[in-house]
Amino acid sequence: MPKLDLSQIPFQGGSGYPGKLAEAGAGRFVQRLGDAGGLTQYGVNMVRLEPGGLSSLRHYHMEQDEFAIVISGTCTLVDDQGEHQMQPGDCATFPAGEANGHHLINTTDAPTTFLVVGTRTPTETGYYSDIDMMVKQDATGSAFTRKDGSPLTADQIGDTNE
């Protein structure tokens, strides 16, 4: 049946960032609606940010378009042009290849939710605006490195065991 039962699709927390960078995912919970509905050409996620939560580290995509619309609450879009308050109904678009690092932050004392729709491509490269990191994704998974392709350092990811 095409209608999704949202009560049966769990919100999942956390992030795939390495080391201490994974802490950026605290306060962010994703409900993978596109996956639940069997979509393969684009992803659709409902994201809930708790107070103080952020959607991701500031980043941009080389191969994938991204669209976001605020559903409830208020958050702040931070991109290369500054900070922009986003309320229900406000939308933002991030075309593939446009080097405009962005993320959403909840600076309020109440949860906020937004819907994200993005292209699914066989490969992807993303860059992180505020740190020396990129991610490459393919059928085997994701690999985080420095922007020049060299390994991340223990200092960058907070790994004190090296």
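Which residues is S55 in contact with, leaving aside its neighbours within four places in sequence? In this predicted model, where local features need pLDDT of at least 70, side-chain atom pairs count only at pLDDT 80 or more, and totals for chains, interfaces and linings use all residues, residues are numbered from 1 along each chain as its sequence is written. Side-chain values use heavy atoms, with hydrogens and water left out. Contact is taken as heavy atoms within 4.5 Å. By that criterion, and with neighbours within four places in sequence set aside, S55 is in contact with R28, L49, H103, L104 and F114. S55 is placed in the loop between β3 (42-49) and β4 (59-61). Strands (E, at least two residues) and helices (H or I, at least four) are DSSP runs, numbered from the N terminus. S55 counts as buried, at 14% relative accessibility; buried means under 20% relative accessible area, exposed over 50%, and partly exposed in between (1.4 Å probe, protein chains only).

The sheets are described next. Strands of a sheet pair through backbone hydrogen bonds, either parallel or antiparallel. Here two strands are said to pair if DSSP finds at least two bridges between them.

F29 has R48 as its bridge partner in β3. Strand β5 (residues 66-72) is joined to β10 by six bridges, the two running antiparallel. Within this pairing, E66 has G118 as its bridge partner in β10, while A68 stands opposite V116. β5 is also joined to β8, by four antiparallel bridges, and the bridge partner of F67 in β8 is T93.

A further open sheet is formed by three strands in the order β7-β6-β9, with antiparallel pairing. The edge positions belong to β7 (82-86) and β9 (103-105); each has a single partner strand, so one side of each lacks a neighbour in the sheet. From one strand to the next the twist averages 30 degrees, where axes are lines fitted to C-alpha atoms, for helices over the stretch in contact, and angles run from 0 to 180 degrees between N-to-C directions. Strand β6 (residues 75-79) pairs with β7 in the antiparallel sense over five bridges. V78 has E83 as its bridge partner in β7.

N106 lies in the loop between β9 and β10 and counts as buried, at 1% relative accessibility. Leaving aside neighbours within four places in sequence, N106 is in contact with L49, E50, P51, G52, G53, T74, C75, P111 and T112. N106 and L77 are 29 residues apart in sequence, and their C-alpha atoms are 9.1 Å apart in space. G25 lies in the loop between β1 (12-13) and β2 (28-32) and is buried, with a relative accessible area of 5%. With neighbours within four places in sequence left aside, G25 is in contact with G14 and S15. The C-alpha atoms of G25 and H103 are separated by 12 Å, although the two residues are 78 apart along the chain. G37, found in the loop between α1 (33-36) and β3, is partly exposed, with a relative accessible area of 47%. The C-alpha atoms of G37 and F67, 30 residues apart along the chain, are separated by 19 Å.

The largest pocket holds about 1,200 Å³ of space. Of the 47 residues that line the largest pocket, R28, R32, N45, H61 and Q137 are the closest to its centre. On a 1 Å grid over the protein atoms alone, a cavity is a set of points where a 1.4 Å probe fits but cannot get out, whereas a pocket is an open set with protein on both sides within 12 Å along at least five of seven lines; lining residues have an atom within 4 Å of a point. Grid points are joined across faces, edges and corners, and a volume is the space filled by probe spheres set on the points. Strand β10 (residues 112-119) gives the most to this lining, with five residues.
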